[in-house]
Amino acid sequence: MTKDLILLAVCLVLLAAAIEDIAKLRISNILPLLVMGLFVPWVVVAGWENDIWQNGTLFLAVFALGSALFAIGWMGGGDVKLMAACALWFDWSAALPWFVYVTVGGGVLALLLMAGRRMVPRTVRDGSSLAIFAANGPIPYGVAIALGTIMTLYMAGPNPSGVAHLPSFVKAL
């Protein structure tokens with residue numbers, strides 16, 4: 001029960017990051033900090049495992065790669081921090097599925113935004129305060145990071161104790 005509550009809290013924080021990224025093209029620093037902070041009670045509840053060092057190395061690798069991508073202007077700073085914070089929840093065996101879910105999600109998001117920006121009338125776009133309607137504007141990649149992380153948490157499972165699975169009502173579908 002406690003594990004479920006912690007995972008629910010992580011999912012809610014990730015959804016808040018996605019919504020903020022859509023609205024403002026910005027992710028507040030508190031959201032990645034909350035994702036990282038919720039990992040501590042997860043480890044306490046799930047129990048310590050000797051391979052938890054993999055989580056730390058994945059976090060450092062993602063942060064280093066993200067920092068390089070930020071330096072050349074390919075990723076936003078909030079996206080880098082959110083992605084690194086999410087990486088803390090996985091070991092190296094879950095890294096590939098996580099990257100695939102985030103990457104495919106980002107590609108689908110980009111296609112939807114390109115189509116959506118063309119389909120929404122100019123008067124609506126010009127009068128909207130949402131940053132995603134900016135012509136040739138950036139992609140709120142925090143959405144793909146959040147959804148890819150949620151999918152990986154429930155499909156591959158976090159480390160330690162990758163026993164998180166889809167809720168029973170979803171399995172029945």
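## Basis of the model

The structure is a predicted model, in which local features need pLDDT of at least 70 and side-chain atom pairs count only at pLDDT 80 or more, while totals for chains, interfaces and linings use all residues. Residues are numbered from 1 along each chain as its sequence is written, and side-chain values use heavy atoms, with hydrogens and water left out.

Two packed helices are described by the angle between their axes and the distance between the axes. Here the axes are lines fitted to C-alpha atoms, for helices over the stretch in contact, and the angles run from 0 to 180 degrees between N-to-C directions. The helices themselves are DSSP runs (H or I, at least four residues), numbered from the N terminus.

Helix 1 (residues 2-24) and helix 2 (residues 30-37) have axes that come within 9 Å and cross at roughly 165°. That makes helix 1 roughly antiparallel to helix 2, a term that applies to angles over 145 degrees. The crossing of helix 1 with helix 2 is left-handed, where left-handed means that the near helix is turned anticlockwise from the far one by less than a right angle, and right-handed that it is turned clockwise. On the side of helix 1 the contact (heavy atoms within 4.5 Å) is made by Val13, Leu14, Ala16, Ala17 and Glu20, and on the side of helix 2 by Leu31, Leu34 and Val35. These residues divide into seven nonpolar, no polar and one charged, with Ala, Val, Leu, Ile, Met, Phe, Trp, Tyr, Cys and Pro counted as nonpolar, Asp, Glu, Lys and Arg as charged, and the others, Gly among them, as polar.

Leucine 25 is placed in the loop between helix 1 and helix 2, and its phi is near 55°, a positive value in a residue other than glycine. With a relative accessibility of 28%, leucine 25 counts as partly exposed, because this class lies between buried (under 20% relative accessible area) and exposed (over 50%), as found with a 1.4 Å probe and protein chains only. Serine 28 also lies in the loop between helix 1 and helix 2, but serine 28 is buried, with a relative accessible area of 19%. The side chains of serine 28 and glutamate 20 are joined by a polar contact of 2.6 Å; such a contact is a pair of N or O atoms within 3.5 Å, and within protein one must be able to donate a hydrogen and the other to accept it, while residues adjacent in sequence count only if both atoms are side-chain atoms.

## Helix 5 and its two partners

Helix 4 (residues 53-71) and helix 5 (residues 77-87) pack at an angle of about 165°, with their axes 8 Å apart. That makes helix 4 roughly antiparallel to helix 5, and their crossing is right-handed. From helix 4, Asn55, Leu58, Phe59, Val62, Phe63, Gly66, Ser67 and Phe70 take part, and they meet Gly77, Val80, Met83, Ala84, Ala85 and Ala87 in helix 5. By class, this contact has ten nonpolar, four polar and no charged residues.

Helix 5 also packs with helix 6 (residues 92-119), at an angle of about 150° and with the axes 12 Å apart, and these two helices are therefore roughly antiparallel to each other. Helix 5 passes helix 6 in a right-handed crossing. Met83, Cys86 and Ala87 of helix 5 meet Trp98, Phe99 and Val102 of helix 6, and the residues of this contact divide into six nonpolar, no polar and no charged.

Asparagine 55, in helix 4, is buried, with a relative accessible area of 0%. Its side chain reaches the backbone oxygen of leucine 88 at 2.8 Å, and, not counting residues up to four places away in sequence, asparagine 55 touches Phe39, Ala87, Leu88, Trp89, Phe90, Asp91 and Asn159. Threonine 57, likewise placed in helix 4, is partly exposed at 31% relative accessible area.

Aspartate 79 lies in helix 5 and counts as buried at 10% relative accessibility. Leaving aside neighbours within four places in sequence, aspartate 79 is in contact with Asp21, Ile27, Tyr141, Gly142 and Ile145. The C-alpha atoms of aspartate 79 and tyrosine 141 are separated by 6.6 Å, although the two residues are 62 residues apart along the chain, and the side chain of aspartate 79 reaches the backbone nitrogen of glycine 142 at 3.3 Å.

Conventions:
Parallel < 35°, antiparallel > 145°, perpendicular 65-115°, else oblique.
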